Amino acid sequence: MLEINQLHKEYGRITAVNELSLRVPRGSVFGLLGPNGSGKTTTLGMVLGVIRPTRGSFRWFGELPTPQQRKRVGAILEKPNFYPGFSARKNLELVAMIKEKGRDRIDAVLRQVGLYERQHDPFRTYSLGMKQRLAIGSALLADPEVLILDEPTNGLDPAGIADIRELIRDIAAMGKTIILASHLLDEVQKVCTDFAVLQQGHLIHTGPVAGQEQEVVFELDAPDQEGLLEVLPLVPGYLSHQQEDAYVSLTVASGTLPEQINAFLAERSLFLSHLSVHHRTLEQQFMEILSQHA
Amino acid sequence: MLRLLRIEWFKLRHSRYFWALFGLFVLVLLGLPLGVRGFLVYLTSQGESILRLDISAVEIPLYDFVDIWQNQAWIYTLFSLFLGFIPVISVGNEYSYGTIRQNVIDGLSPSDLFWSKVLFMLVLALVVTFITGLIGLVTGYLWSPVTEWSFVVQNMKFLPAYGLHLLAFQLLCLVVVLLIKRTGIVMALLTFYIYGVEFIAQGILRFKLEWELAAKFLPGRATHMLIPNPFPKYILQETITTIPLDGLLLAIGSVILYGGLAYMLLTRRDLN
Ligand SMILES: Nc1ncnc2c1ncn2[C@@H]1O[C@H](COP(=O)(O)OP(=O)(O)O)[C@@H](O)[C@H]1O
Ligand SMILES: [Mg+2]
């Protein structure tokens with residue numbers, strides 16, 4: 001879908017993006033993760049044709065970039081950019097004119113992002129959450145193949161954040177490729193299938209988001225801890241275990257249910273005093289990645 | 001091409017600034033000839049005779065065919081900043097709203113943006129020239145003692161000259177707003193420059209240093225040198241009643257220079 005080759009951007013002495021190479025597979029929800037100032041916006045700005053790369057290249061849909069391709073991409077960069085005096089509908093009409101597509105979808109999109117009732121009010125009267133939703137709606141207007149969202153929950157309250165994330169999940173469920181830039185691990189974890197980590201313009205990791213798909217971590221404890229440790233390797237789906245301070249952490253293949261573990265141990269007369277599920281979080285992954293690059 | 005023009009027209013026709021400025025400008029275009037005429041009628045009614053000549057004020061041949069076109073065009077060039085503010089506000093606001101960047105993200109190329117702005121300027125220049133022509137014809141037929149067609153059309157060449165000036169002048173304003181990107185600052189700066197700095201610089205260059213050549217290249221003046229000041233003739237000084245070649249070349253040169261600069265500024269920079 002998107003292929004980036006040694007893309008590089010310098011602002012004077014600052015290197016914002018450093019020889020970045022990246023592939024975003026079709027159908028993925030791709031997280032671009034990194035702290036503020038790590039070069040996420042600059043990278044997206046380059047592939048969207050508003051920032052000129054110092055060197056390097058990229059391809060959309062396997063082709064060299066043209067403005068025409070951007071009509072197949074829906075994107076917001078950094079913040080919602082609209083004409084403040086125009087209503088939501090007017091703004092979308094203009095986007096449809098530019099994209100030469102999507103005029104017939106304005107009503108549907110306004111409904112999808114929950115702005116149908118307020119469509120005639122000027123953009124400047126909207127709350128930040130409404131502005132972000134309009135931005136996502138506008139990105140969806142021409143029924144794009146790829147959606148690029150740069151920090152779409154920035155500055156929103158928890159309810160607004162939840163709204164946006166639900167919207168993103170709905171869109172992903174429609175089978176669109178999504179590129180989501182964020183400095184929030186939690187956000188990437190909650191919605192992404194693949195991710196890349198940027199640090200000071202360098203790509204330091206890229207790969208799938210490991211989650212329930214691969215492995216699950218349980219915390220468990222029993223009065224008879226020795227007996228527990230003995231039989232643990234026999235648990236269905238066993239991968240590894242580790243003795244922590246107050247409990248034992250057990251990593252098993254995903255799909256293993258807590259009740260299966262409970263039943264298995266009960267058969268061997270081991271009764272648990274504690275059992276909880278812990279997905280291996282992206283945070284842990286992220287920390288591991290960062291420590292490898294320290 | 002037409003699509004780019006439609007996009008710009010959509011942006012402007014829903015913008016209050018555009019209608020306010022354009023309306024104000026048209027009011028000035030209408031108000032000037034009516035106001036001056038009214039003043040002359042008033043002077044006549046007061047029984048004043050003008051200068052050393054023994055004619056009444058209404059008999060001053062301001063609106064006479066042949067003369068009217070140059071008089072009108074020259075006077076109007078003093079007010080071109082109203083029109084120049086239209087691209088200043090439209091482009092300056094697009095920078096501050098971030099919509100110029102969003103337009104490109106949505107699928108316009110930076111050169112599309114350039115053409116949508118410049119084609120619209122061309123249309124504005126044509127519309128204003130057309131309005132000016134209408135005003136000239138109406139006021140001329142009302143108040144000119146001569147209305148023979150051959151006289152009516154004789155110096156009409158100042159109409160297209162005025163149109164060319166309007167295009168060049170708007171392009172100059174476009175370059176400034178692309179460089180500075182702040183609507184308010186650019187408006188203040190242009191006002192200060194056109195009505196202050198350039199006026200004084202012109203005076204110094206022409207009359208103090210007698211360096212006429214340098215004065216021709218003052219950016220604002222270069223766009224309207226093709227319409228020479230006709231009014232000294234009313235105090236019986238010699239005036240040029242044709243379009244001077246150097247003025248014409250300077251106006252065309254301005255269009256090319258400012259157009260080229262604006263194109264480079266839009267296409268060769270990051271859009272932030
Ligand atoms: N227009 C600019 N001029 C100079 N430096 C810039 C500009 N835009 C971004 N930078 C710098 O480039 C780096 C990356 O910024 P950015 O891509 O916005 O990061 P992120 O989106 O990950 O927060 C930062 O150090 C930032 O200060
Ligand atoms: Mg950013």
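Mentor: Start at N71(B). This residue sits in helix α3 of chain B, which spans residues 67-77. (Helices are DSSP runs of H or I with at least four residues, strands are runs of E with at least two, and both are numbered from the N terminus.) The model is predicted, so local features need pLDDT of at least 70 and side-chain atom pairs pLDDT 80 or more, while totals for chains, interfaces and linings use all residues. Residues are numbered from 1 along each chain as written, chains are lettered from A and ligands numbered from 1 in written order, and side-chain values use heavy atoms, without hydrogens or water.

Is N71(B) buried or exposed? N71(B) has 4% relative accessibility, so it counts as buried. (Buried is under 20% relative accessible area, exposed over 50%, partly exposed in between, with a 1.4 Å probe and protein chains only.) Now look at its neighbours. Leave aside residues up to four places away in sequence: N71(B) then touches P61(B), L62(B), P230(B), F231(B) and Y234(B). (Contact means heavy atoms within 4.5 Å.)

Next, the rings. Over all chains, the structure holds 19 aromatic pairs. F18(B) belongs to helix α2 (residues 16-45) of chain B and F120(B) to helix α6 (residues 110-143) of chain B, so the pair ties together parts 102 residues apart in sequence. F18(B) is buried, at 4% relative accessible area. F120(B) is buried too, at 7% relative accessibility.

Compare another pair. F65(B) and W69(B) are tilted, with 6.2 Å between centres and 35° between planes. F65(B) is buried at 3% relative accessibility, and W69(B) is buried at 1% relative accessible area.

Now turn to chain A. Chain A has 10 helices and 13 strands. Three of its strands make an open sheet in the order β2-β1-β4, with antiparallel pairing. (Two strands pair if DSSP finds at least two bridges between them.) At the edges stand β2 (14-24) and β4 (55-60) of chain A; each has a single partner strand, so one side of each lacks a neighbour in the sheet. Strand β1 of chain A covers residues 2-11, and seven bridges join this strand to β2(A) in an antiparallel run. Find E10(A) there: T15(A) in β2(A) stands opposite.

Finish with the whole of chain A. Its C-alpha atoms fill a box of roughly 70 × 45 × 30 Å, taken along the principal axes. Of its 294 residues, 51% are buried. Its contacts also span the sequence. Among contacts in chain A between residues at least 6 apart in sequence, 69% join residues at least 24 apart.

Methods: Phe/Tyr/Trp six-rings, centres within 6.5 Å; stacked < 30°, edge-to-face > 60°.
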